[in-house]
Every structure is written in structure tokens, then in C-alpha cells.
Amino acid sequence: MKKILITCSNASTYHAPVFRNLSKVCELKVLFGEKDLFNGYYSEEYKTYIKRNPDVFRGYNFKFLNNYFNKKKKVGFFSRSNLHVAKEIYRFNPDIVFIFGYDTFTSFIAYITSICLRKKIYWRGETLMKKQSFFKRFVKFFFLKIYFYFVNRVFFSCNRNKDSLKRYCDKDKLFFYPCLVDNKKFRYFSSINKNKLDFKLKKK
């Protein structure tokens, strides 16, 4: 049975069905970068208290990592600075490291550690095409071309997401990742999508 380790910034509700399904066909461990959705917290963005959703944490193995540096910072590169992620990857010794996002210190450490340990790297993120200056577009293009060269599979969640990622990696690396809570609409959409997430995890 394959071993997969996932690094995820936070415990979002829409990932839970995917994690539970993966845990049925592989030895799965999920590393969360913060405890906000576990403890509950006040959201400045929505001006309300976000209560804990226990369903998010059922049916799969997970662990919260200590967040160093600026713990109060919710966004930005150092908002997730979980220095022990490298040790977790080494100890768990997974076949695949599945990294969510590339825009935090934690995801960067996980990426470098996986390359050094010669692990297969899967990646997902919600990057979209945005209006940017020529310089920013050039730097991003150069960086992501190199970044995705070392990634085995790149997962997208919508067509705009896919269109953005096609600029940086080979289309054969692109696969669909459900970004919704399990319901009839999701099941229909995934059934007609060619590159849906392969829960059987066949060897490439």
C-alpha cells in the first residue's frame, strides 16, 4: 500500500471528503499548518466567529504542526512556518508528498525536502491568471517553470485554474482535483472529467 503525506495550510472543509477517500486506499498522513479551524476563531474578513467543524477531522490520520515566526499572521509567505515538516517527511518516509500551494515557507521546505529525499511530488493550488506587470509575469513564469519541472503531477480544481497552470507545466502532468464537498453535482462533474483524481493511485 502506498504511503502519502499531505502538507496543507489549514483544515478546509472541502478537502475532508478527498482525504477520507484517499485514506481507504493508501496509508495517509495529513499535516496541517495551523489549528484555527480546529479550535475555532474570529474572522476579521467575515466579521464573525468561525466554529469548529468536527467532520473535517474524521476518517483520516492528521497532525497539527507548530507554527513558528509570526503566529498571528494569516496570509503571506511566513504565515505558515512549520519547520518540523522536513522531519515529518523523513520519519514517515512516504512514496508521495502531496504539497498544497507554493506560497508559504512550509510548502517551500516540503518541496526542497522531497527533492532531496527523491520522493514523488504531487502539487495542487488555486493559482489563477491575474493582471501583473511584465517583470512580475517574467519572474513568476521563470520560477514556476523550474518549480513544476520537479513535480510529478499537478492538480487543478477548475478550468481557469487549469488554464493558468498550463503555462508552467506539461499538460500530461495535469489532473483534476475536486474542490467541493461531496454531493451530486460534484460526482457528476468528476465522472465526465477525463483527468479526475485517481484514487487507485496507479503507477505512472
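Buried means under 20% relative accessible area, exposed means over 50%, and partly exposed lies in between (1.4 Å probe, protein chains only). By that cut-off Cys26 is buried, at 2%. This is a predicted model, where local features need pLDDT of at least 70, side-chain atom pairs count only at pLDDT 80 or more, and totals for chains, interfaces and linings use all residues. Residues are numbered from 1 along each chain as its sequence is written, and side-chain values use heavy atoms, with hydrogens and water left out.

**Nonpolar cores**

- A nonpolar core is a set of buried Ala, Val, Leu, Ile, Met, Phe, Trp, Tyr and Cys residues joined through side-chain atoms within 4.5 Å.
- The largest one has 25 residues, and Ile99, Trp123, Tyr147, Phe148, Val151 and Val154 touch the most other members.
- Elements that each supply at least two of its residues include α3 (85-92), β6 (96-100), α4 (105-116), β7 (120-124) and α5 (134-149). Helices (H or I, at least four residues) and strands (E, at least two) are DSSP runs, numbered from the N terminus.
- α4 gives the most to this core, with four residues.
- Apart from it lies another core of 22 residues, among them Ile6, Ala11, Ile96 and Phe175.
- Contact means heavy atoms within 4.5 Å. Leaving out residues up to four places away in sequence, Ile99 touches residues including Thr7, Ala110, Trp123 and Tyr147.

**Salt bridges**

- A salt bridge puts a side-chain nitrogen of Lys or Arg within 4 Å of a carboxyl oxygen of Asp or Glu. The whole structure has five.
- Arg80 pairs with Glu34 at 3.9 Å, N to O. Arg80 lies in the loop between β5 (62-64) and α3, and Glu34 in the loop between β2 (27-32) and α2 (36-39), so the pair ties together parts 46 residues apart in sequence.
- Arg80 is buried at 7% relative accessibility, and Glu34 is buried at 11%.
- Glu126 and Arg124 meet at 3.0 Å, N to O. Glu126 is partly exposed at 44%, whereas Arg124 is buried at 5%.
- Lys166 bridges to Asp163, with the closest N and O atoms 3.5 Å apart.
- Lys29, Lys63 and Glu88 are linked in a network of salt bridges.

**Backbone and cysteines**

- Most residues other than glycine have a negative phi.
- Asn93, not a glycine, has a positive phi of about 50°. Asn93 sits in the loop between α3 and β6 and is partly exposed, at 42%.
- Arg118, also not a glycine, has a positive phi of about 60°. Arg118 lies in the loop between α4 and β7 and is exposed, at 80%.
- Zero disulfides are found, a disulfide being a pair of cysteine sulfur atoms within 2.5 Å. Cys8 is buried, at 6%.
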